Each structure stands twice: as C-alpha cells, then as structure tokens.
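Here are a few notes to read with the model open beside you.

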Amino acid sequence: MIERELHEECGVFGVYAQPDAAHLTYLGLHALQHRGQEGAGIAAVDEAGVTRCRKGKGLLTEVFSHEDIAGLPGRRAIGHVRYGTAGGSEVENVQPIVARAKIGTLAVAHNGQIVNAEELRGELEDRGSIFHGSSDSEIILHLIQGEKGSLLEKIKKACLRLDGAFAFLILSDSSLYAIRDRNGLRPLSLAKRGDGWCVSSETCAFDIVNAEFVRDVAPGEIVKISAQGIESDFYTNITQKRLCAMEYVYFSRPDSVLDGQNVHLVRRECGRLLAAADRGALEADMVVGVPDSSLSAASGYGEEMGLPYEMGLIKNRYVGRTFIQPTQAQRDTGVKMKLSANRAVVDGKRIVLLDDSIVRGTTIRRIVTLLRDAGAAEVHVRIASPQLLYPCFYGVDMSTRAELISARMDTQSLCGAIGADSLRFLSQADLQKACGGQELCMACFTGRYFTPLYSHTLG
C-alpha cells in the first residue's frame with residue numbers, strides 16, 4: 001500500500017555478548033525499519049554495568065549519528081523502531097524505556113499491544129506509580145518492579161497480568177530476556193552470532209549482522225541470555241500458536257521466515273490460489289502488483305494464469321509517507337508523487353491489479369484511477385487476503401469497524417466504489433493453506449479474538 005492504510009507494528013532487536021553491540025543493533029533495526037518510522041532507540045550496557053540510552057523521533061538515520069552509536073559502548077544492547085499503536089507519538093513514548101530501581105537498571109523494548117493496559121495503568125497509579133509517557137510498554141516495567149522474587153520470577157508474574165499481544169526484550173545489568181505472549185501473536189526469533197546471541201522481530205535482520213537463525217521464541221516462553229548461556233522458562237503452560245495472519249499478508253519483509261514459512265513464498269502462493277479460481281473465468285493481458293508488499297502475490301498470480309507480470313506501477317522511493325499530510329488534497333498529491341502508472345505499459349490493456357488488503361478503500365480507488373487515467377482498458381482487482389471485517393486490538397492501527405469499508409459494503413458494492421471492473425478477495429481457507437495449514441490469528445477477518453477484550457477497547 002502506498003498511503004499506509006494499515007500502519008506497521010514495531011520492531012525489536014537485541015544483541016548479547018558481542019563487540020560493538022549498539023552498532024549491530026543499529027544494523028538490525030535498519031532491516032526492521034519497515035515496521036516503524038515514527039521513532040527509534042537503542043539502549044546498551046557497558047562493562048561496568050552502566051546503561052546508556054539514545055532515542056528520538058524519526059527514522060534511524062535521523063535519530064543516530066556515528067557519534068551517537070560510539071557513545072553507547074558495551075557488549076549488550078537492545079533497540080526499537082516504533083509505530084505508535086498505543087500511546088501518542090511524543091518522544092516520551094519512544095523506546096527503549098529505561099527504569100532505574102532497587103533491582104537495578106532495566107530497559108524494555110516492546111512490539112504489540114496490551115489490551116488491558118488502561119485497567120493496569122489505573123491500578124498501578126492507585127498504588128502510587130508515576131508514568132512519564134502514555135505507552136503501554138511502560139506498564140511492563142511498573143508491573144515487574146511491583147512483584148517479588150528474582151528478576152525472572154518478577155517477569156513471569158508480570159506477564160501473567162498482561163492480556164494482548166506482546167514480544168518484548170528486557171536488558172538488565174547482566175542479562176537479556178526475550179519474552180513472547182502466550183498466543184504467539186507477535187513474532188520473535190533467536191539467532192547465534194559467534195559466542196553471542198541476537199534476538200529479532202524478524203529473521204531478515206539476522207542476515208545483515210551475519211547471525212545464524214536458531215529458532216523462534218515459543219509462545220509463553222521467557223528466554224534468558226546470560227554469562228551462563230541460554231535458559232528457557234515459561235510464564236504459563238496454557239499456550240497456543242496463533243501468529244497474526246497480517247504478518248504474512250503485509251507487515252513482514254518478504255525475505256523473513258515466520259514459524260518456518262518464508263513470507264515471499266506464502267504471498268506468492270496466495271496469488272497462485274487467487275488465480276486458480278480465475279482460470280477460464282477472466283481474460284486479461286497482464287498482471288500488475290502494488291509496490292511493495294503485493295509484488296510476490298502478483299508474481300504467483302501471473303505464473304498460475306500464464307499472464308506476464310508487468311511493472312505497470314512505479315514507486316518513487318524518495319518521497320515521504322503520504323499519510324502524515326494534513327489535508328486530503330495534500331494526501332492525494334502525495335500518492336501521485338509516490339506512485340505513478342507506467343503509461344506505455346498499461347495503455348489499452350486489460351489489467352489484473354494485485355494488492356494485499358483493502359482497509360478504507362481510499363488507496364485502491366486512487367490506484368485504479370491512476371491506471372484508468374493512463375489508458376488501462378479494464379482493471380480487475382484481486383486482493384491477496386480476506387475481507388477485513390473486524391478491528392484489531394493486538395498492535396495494528398485498525399481499531400473500529402467503522403474504518404473498514406468491507407464491514408459496510410458487500411463485494412459488488414465495493415467493486416463499484418473503487419471503480420474496478422471486478423473484485424475478488426482471497427478466502428480464509430486459502431490464506432491458511434498458503435501459510436502451510438498452520439493456525440493463525442485471523443480475528444480481523446473472523447471476529448474471533450484470542451484474549452479477553454475490555455469495555456474501553458470495544459468502545
């Protein structure tokens with residue numbers, strides 16, 4: 001999508017027992033930049049046990065200079081790229097969040113969303129806790145501080161209080177902890193690098209630092225990395241694998257591997273399955289994918305249909321994100337600046353246009369119009385995911401049904417609204433099939449949620 005109708009989640013990266021850990025963390029976060037562009041931060045612990053943190057609003061390259069990285073010495077570090085799904089975009093909410101207390105200094109970096117954050121925050125404030133920002137990530141630190149026992153015991157007790165989706169890293173004076181929610185809604189992986197370790201939201205970040213993927217952190221697992229090596233514990237034995245389906249559809253980079261499935265191959269299979277239902281029922285001249293997350297699906301669709309996959313849309317990668325423009329007219333101009341139709345390719349042609357999803361319908365309508373204005377004879381839209389019918393409360397910025405055009409319109413009406421000649425979505429069964437048959441969280445398609453929901457969330 002070009003105007004980001006779905007906003008990315010956050011990304012976390014951690015390094016243990018490696019020289020220049022902050023530099024490696026910077027590189028890892030660079031590979032995860034697609035997961036958040038509002039803010040970035042790195043916390044590092046030096047050999048004397050001193051924790052330093054540098055963070056700010058904007059892209060990594062805007063937040064960090066060479067001098068900033070050099071000012072974060074140590075062999076242990078965690079980092080974060082942020083899109084603010086909970087809390088505002090104020091600098092206080094940029095992570096890692098660092099707290100200094102009796103148990104030592106802790107830094108936390110979190111991906112996901114705590115559904116019961118408002119209730120927990122109220123309870124903690126009644127007990128005297130003071131919050132510096134509005135991010136639900138800060139709640140994790142307060143909960144840990146309020147529990148009794150060792151740090152590992154505190155983390156386990158704190159996690160039992162959390163409902164929602166989370167994959168977070170905690171950096172202490174001596175150890176690195178990687179924790180994943182009991183449903184495995186958010187991805188988190190572990191890799192080996194020399195004598196040390198790396199942890200990341202996506203496996204694509206391991207390649208840039210030459211780390212070797214070992215395994216995924218399991219749902220409900222707490223991985224402790226220390227001088228004693230790797231220790232595994234679980235804060236609950238009630239777990240299940242329900243990775244968010246939108247990680248495959250949209251959020252993750254195509255070269256990442258999630259729960260054993262390569263994202264590019266999953267998306268290509270989604271396109272192939274869409275085409276299988278169109279064979280003999282649709283005539284077209286070419287397939288065009290919306291850059292970038294739809295290109296894999298477009299290639300699969302073209303292969304299955306025996307149609308050429310053409311570069312009918314050109315993305316200008318040097319234009320800022322259009323959703324931040326303050327007026328609708330400026331957003332419309334921004335889309336045209338960021339995406340243009342290749343007139344020589346599409347003029348007079350019957351086009352099958354592949355996109356990953358439809359949220360509000362505004363982006364796909366503009367893209368169809370771009371192709372029409374460039375002379376396309378027909379535009380048949382195929383969406384490589386099911387209809388988005390229900391809000392997400394687990395870290396995707398899609399919080400009400402009123403935002404979702406498929407919740408208000410049937411497919412035929414929506415087809416007319418976006419100006420397409422035909423429109424079809426991938427079925428839920430085919431999406432699951434493309435993902436290797438694994439069980440996924442598809443709450444945004446089905447309305448079936450895997451955690452308790454709270455009145456303020458549903459309101």
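This is a predicted model: local features need pLDDT of at least 70, side-chain atom pairs count only at pLDDT 80 or more; totals for chains, interfaces and linings use all residues.

**Notes on a strand trio, a core and a pocket**

1. In β11, Ala-191 has Phe-213 as its bridge partner.

2. Around that residue, strands β9 (residues 189-193) and β10 (residues 196-200) run antiparallel and are joined by 5 bridges. The pairing of β9 with β11 (residues 212-216) is antiparallel too, over 4 bridges. Do look at the turn of the β9 and β10 hairpin: 2 residues lie between the strands, and Gly-194 takes a positive phi near 60 degrees.

3. Next, the largest nonpolar core, with 47 residues. Met-246, Tyr-248, Tyr-301, Leu-354, Leu-431 and Phe-445 touch the most other members. Among the elements that give two or more residues to this core are α8 (245-251), α9 (263-278), α10 (295-305) and β20 (350-355).

4. Finally, the second largest pocket holds about 460 Å³ of space. Which residues lie nearest its centre? They are Ala-99, Ile-130, Glu-138, Leu-141 and His-142, out of a lining of 23 residues. That lining divides into 11 nonpolar, 7 polar and 5 charged residues. At least two lining residues come from each of β3 (51-57), β5 (97-101), β6 (104-114) and α5 (137-146).

Note on methods:
Residues are numbered from 1 along each chain as its sequence is written. Side-chain values use heavy atoms; hydrogens and water are left out. On a 1 Å grid over the protein atoms alone, a cavity is a set of points where a 1.4 Å probe fits but cannot get out, and a pocket is an open set with protein on both sides within 12 Å along at least five of seven lines; lining residues have an atom within 4 Å of a point. Grid points are joined across faces, edges and corners, and a volume is the space filled by probe spheres set on the points. Ala, Val, Leu, Ile, Met, Phe, Trp, Tyr, Cys and Pro count as nonpolar, Asp, Glu, Lys and Arg as charged, and the others, Gly among them, as polar. A nonpolar core is a set of buried Ala, Val, Leu, Ile, Met, Phe, Trp, Tyr and Cys residues joined through side-chain atoms within 4.5 Å. Buried means under 20% relative accessible area, exposed over 50%, partly exposed in between (1.4 Å probe, protein chains only). Two strands pair if DSSP finds at least two bridges between them.
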